[in-house]
Amino acid sequence: TVTTHTGTVGITNGDYTLSELITINNATSGAITLTTPNVALSGEAAEVAAALDGVINHSGTVAATTTHNLAQLKSISSGTSGTITLNSYTEALSGSTADVKAALSGTFANPYTGTVTLSDSATTNITATDITDINSSTSGAITVSHAIDINGSGAQVKAAFDAIDTNTGNATANITG
């Protein structure tokens with residue numbers, strides 16, 4: 001009886017489904033490698049996210065047919081290098097700078113326009129370029145909701161503050177160099 005699989009899994013067929021990938025992901029904590037990585041996947045955002053969660057080399061197109069949340073978009077963006085089509089590009093995202101940046105790192109079929117709220121803890125130090133990367137990934141407003149320290153060169157910190165539309169959390173600049 002296998003209770004927990006932790007090794008890598010290689011999928012050699014090219015006709016895998018979302019349901020099959022979800023089942024495999026649920027059965028292992030190891031990385032999943034696809035021999036045929038360019039298979040198109042489509043389904044509800046939660047299903048697509050669950051299917052791609054442990055996959056390390058998917059390159060096919062992906063379509064999420066329902067509204068996504070931050071965690072789902074992060075899994076989808078991290079799980080494929082293919083073009084991502086979303087049900088909505090206007091969904092607001094709220095979470096840590098690292099999670100929002102990862103969620104918006106995918107290649108989207110259309111520009112993302114949702115608002116972003118960065119809610120890092122008061123002790124989190126983030127780089128100015130993280131904020132400018134997020135700003136270049138969405139045309140939506142960026143809000144800082146907690147006290148954070150933004151680190152970078154003078155020009156980088158200025159660009160980060162320029163990208164922030166609302167600062168309710170007292171972002172502090174730490175200029176390095």
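Start by selecting Ser75, which you'll find in helix α3. This is a predicted model, so keep that in mind as you click around. Is Ser75 buried or exposed? Its relative accessible area is 16%, and buried means under 20%, so Ser75 counts as buried. Now show what surrounds Ser75: leaving out residues up to four places away in sequence, it touches Ala49, Leu52 and Asp53.

Next, select the whole of α3, residues 70-79. This helix lies across β4, β5 (83-86) and β7, and its direction makes about 155 degrees with that of β5.

Color the strands β3, β4, β5 and β7. In that order they form an open sheet of 4 strands with parallel pairing. Which strands sit at the edges? They are β3 (41-43) and β7 (107-108), each of which pairs on one side only.

Walk across from β3. Its pairing with β4 (residues 62-64) is parallel and takes in 3 bridges. Click on Ser42 and look across to Ala63 in β4, which stands opposite. From Ala63, carry on into β5, where the bridge partner is Thr85. β4 and β5 also run parallel, joined by 3 bridges.

Stay on β5 and show its side chains. Ile84 and Leu86 are on the covered face, while Thr83 and Thr85 are on the uncovered one.

**An aromatic stop**

Now select Phe108 and Tyr112. A search of the whole structure turns up 1 aromatic pair, and here it is: the ring centres are 5.9 Å apart and the planes meet at 45 degrees, so the pair is tilted. Phe108 is buried at 16% relative accessibility, and Tyr112 is buried too, at 2%.

**Into the core**

Time to look inside. The largest nonpolar core has 44 residues, and those with the most contacts within it are Leu73, Leu86, Leu104, Leu118, Ile131 and Ile150. Which helix gives the most to this core? That's α2 (residues 45-52), with 5 residues. As a general point, nonpolar side chains tend to be buried together in soluble globular proteins.

Pick Leu118 and show its contacts, setting aside residues up to four places away in sequence. Among them are Gly95, Thr97, Val100, Ile131, Ile134 and Ile142.

Move on to β9, β11 and β13. They make an open sheet of 3 strands, in that order, with parallel pairing. The edges are β9 (125-127) and β13, each pairing on one side only. On average, neighbouring strands here are turned by 30 degrees against each other, direction ignored.

Zoom in on β11 and β13, which run parallel and are joined by 4 bridges. α5 lies across β9 and β11, running at about 60 degrees to β9.

While you're on β13, select Ile175. At 54% relative accessibility, Ile175 counts as exposed. Beyond its neighbours within four places in sequence, Ile175 is in contact with Gly152, Ser153, Gly154 and Val157.

**Around α6**

Select α6, residues 154-163, and find its buried residues Val157, Ala160 and Ala163. Look down the helix axis: these buried residues fall within an arc of 120 degrees, so they line one face of α6. Why can such a face form? An α-helix has 3.6 residues a turn, so residues three or four places apart point the same way. What do the buried residues pack against? Their partners are α5 (128-137), β10 (142-144), β11 (149-152) and β13 (172-175).

For a last stop, go to Ile164, in the loop between α6 and β12 (166-167). Ile164 is buried, with a relative accessible area of 11%. Setting aside neighbours within four places in sequence, Ile164 is in contact with Ile131, Ile142, Val144 and Ile150. Try the distance tool on Ile164 and Asp120: 44 residues apart along the chain, their C-alpha atoms are separated by 14 Å.

Notes. Residues numbered from 1 in each chain as written. Predicted model: local features only at pLDDT ≥ 70, side-chain atom pairs only at ≥ 80, totals over all residues. Heavy atoms only, no water. Buried < 20%, exposed > 50% of the residue type's maximum accessible area, 1.4 Å probe, protein only. Helix = DSSP H or I, 4+ residues; strand = E, 2+ residues; numbered from the N terminus. Arc of directions from axis to C-beta. Contact = heavy atoms within 4.5 Å. Core = buried A, V, L, I, M, F, W, Y, C linked by side-chain atoms within 4.5 Å. Phe/Tyr/Trp six-rings, centres within 6.5 Å; stacked < 30°, edge-to-face > 60°. Pairing = 2+ DSSP bridges. Axes fitted to C-alpha atoms, helices over the stretch in contact; angles between N-to-C directions.
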